[in-house]
Amino acid sequence: MFGLFAKAPAARRDYSDCSGCSLCFLVCPMWRDRHDPSFTPEGLAKALQCGATASALAAPLDACSLCGACDPVCPERIDLSGMIMNLRRQLASSAAPSRPAVLDDLRTRLRRDIIAGSAVSRSAPVLLPGSDLRTAPALLARVQALLGLTVVEDDGADISLALEAGVEIPQARLQGFLASLRGHSIVAEDGLLLRQLRRWLPGSQRMGLGAALSSRTALRGKLGASDLYVIEPRAYHADHERMVAYYNRLQIETGCTLSLDLQRIAIPAVAQSLSQRLGLVPGDDPGQANWILQGSKATRIVVETLADRAAFERVSDLPVLHIADLAGSLK
Ligand code: SF4
Ligand code: SF4
């Protein structure tokens, strides 16, 4: 499994390099939802080229799901999701924050004392469950048993939310979190945190939970031609080239269908705006999950995240299983 761990990312360019080719339209859930060019990575990059400020771009910045699908398709290699996260930071630090209660609560959480981690030997691989998996203790225990990893108490869920919302992370909090991870191989459920760990801990070994689980023979062997396998997009796009190769092999070996488009971009089943993620606006758009199901002859859906499981259960009568549940009884 640990041959799958990611390496340091290559340097990417910035919005000034946008050529206006519009390739990012093809994969962007915002464009699919609204058909408004200003709600696209190109629209944002072109607006910045013309001197727009973050506050002028607040609506598309909020609507972006940070799925990362635009990053690998951009021929200019612009760090588009990084650009959007930077703009959100500028928005959140501006004079008139639009969500004071939620963001203040997050700032308080970020200032808390560092959670003392359990005693983990320096070289042991660790699992960062993230806020989703923490809500399902039985599934978390199953994942832990399948991967044989130590679950770390401080999984950086507050740091991930701060990244998403553009809230400044106090240096003491960030350095304490990173210090607890140095020397460990890391498996993370949260794709956004994983993406950032590539920058914060260059040279460390990291991989997404979905790839870690689907690399296990006990689970891989349960996948078949009648399965639609839904990939968590953030971790996939953050390490696109290697993940394309990895999931190509998975598809060839198992015969399953993958939630990928023709450019090998993972279609997000859930594309929530920041306001939806923060709970300020209800729901998410079922269009994305329906898009993945279009033309599918699958009789079962296998997902890597609980959020995707819920999204497919809302729009389909097919059985929807988390990849960890394929193992059946572990006793
Ligand atoms: S991260 Fe996803 S939603 Fe945001 S601009 Fe890129 S493709 Fe669109
Ligand atoms: S794919 Fe890249 S270069 Fe092309 S329009 Fe989008 S941001 Fe600009």
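What share of the 331 residues of the chain count as buried? The figure is 41%, where a residue is called buried if 20 or more other C-beta atoms lie within 10 Å of its own, exposed if 12 or fewer do, and partly exposed in between, with the C-beta atoms placed from the backbone.

Before I go on, please keep in mind that this is a predicted model, in which local features need pLDDT of at least 70 and side-chain atom pairs count only at pLDDT 80 or more, while totals for chains, interfaces and linings use all residues. Residues are numbered from 1 along each chain as its sequence is written, and chains are lettered from A and ligands numbered from 1 in the order in which they are written.

Let me start with the chain as a whole. Its secondary structure comes to 18 helices and eight strands, which are DSSP runs numbered from the N terminus, helices being H or I with at least four residues and strands being E with at least two. The radius of gyration is 19 Å, close to the 20 Å that the globule rule gives for 331 residues, so the chain is as compact as a globular protein of that length; the radius is taken over C-alpha atoms, and the rule is 2.2 Å times the number of residues to the power 0.38. Along the principal axes, the C-alpha atoms fill a box of roughly 60 × 50 × 35 Å. Of the contacts in the chain with a separation of 6 or more, 71% are between residues 24 or more positions apart, a contact being two residues whose C-beta atoms, placed from the backbone, lie within 7 Å.

Now to the ligands. Around ligand 1 there are 15 residues, of which Cys28, Cys64, Cys67, Ala69 and Cys70 come nearest, where a residue is near if its C-beta atom, placed from the backbone, lies within 6 Å of the molecule. Helix 1 (29-34) and helix 5 (80-92) each supply at least two residues of this shell, and the largest share, three residues, comes from helix 5. By class, the shell around ligand 1 divides into 12 nonpolar, three polar and no charged residues; here Ala, Val, Leu, Ile, Met, Phe, Trp, Tyr, Cys and Pro count as nonpolar, Asp, Glu, Lys and Arg as charged, and the others, Gly among them, as polar.

Ligand 2 also has 15 residues around it, and Cys18, Cys21, Cys24, Glu42 and Cys74 come nearest. The shell around ligand 2 has 10 nonpolar, three polar and two charged residues, and helix 2 (residues 41-49) gives the most to it, with three residues. In helix 2, Pro41, Glu42, Gly43, Leu44 and Ala45 are buried, and the buried residues of this helix pack against helix 3 (58-63), helix 4 (70-73) and helix 5. Helix 2 is followed by Gly51, whose phi is positive, near 95 degrees.

How many of the 10 residues of helix 11 are buried? Seven are, and the helix is mostly covered. The buried residues of helix 11 pack against strand 1 (126-128), helix 9, strand 3 (186-188), strand 4 (206-208) and helix 14 (233-238). The axes of helix 9 (residues 157-165) and helix 11 (residues 191-200) come within 9 Å and cross at roughly 85 degrees, the axes being lines fitted to C-alpha atoms over the stretch in contact, with angles from 0 to 180 degrees between N-to-C directions. The two helices are therefore roughly perpendicular to each other, a term for angles of 65 to 115 degrees, whereas angles under 35 count as roughly parallel, over 145 as roughly antiparallel and the rest as oblique. Ile159, Ser160, Leu163 and Glu164 in helix 9 meet Leu192, Leu193 and Gln196 in helix 11, and by class this contact has four nonpolar, two polar and one charged residues.

Finally, a few single residues. Glu304, in the loop between strand 7 (300-303) and helix 18 (306-315), counts as buried because it has 29 C-beta neighbours inside 10 Å. Leaving aside neighbours within four places in sequence, Glu304 is in contact with Leu209, Gly210, Val230, Ile231, Glu232 and Ile323.

Most residues other than glycine have a negative phi. Ser22, by contrast, has a positive phi near 70 degrees, and is partly exposed, with 13 other C-beta atoms within 10 Å. Arg264 likewise has a positive phi, near 60 degrees, and lies in the loop between strand 6 (257-258) and helix 16 (274-277).
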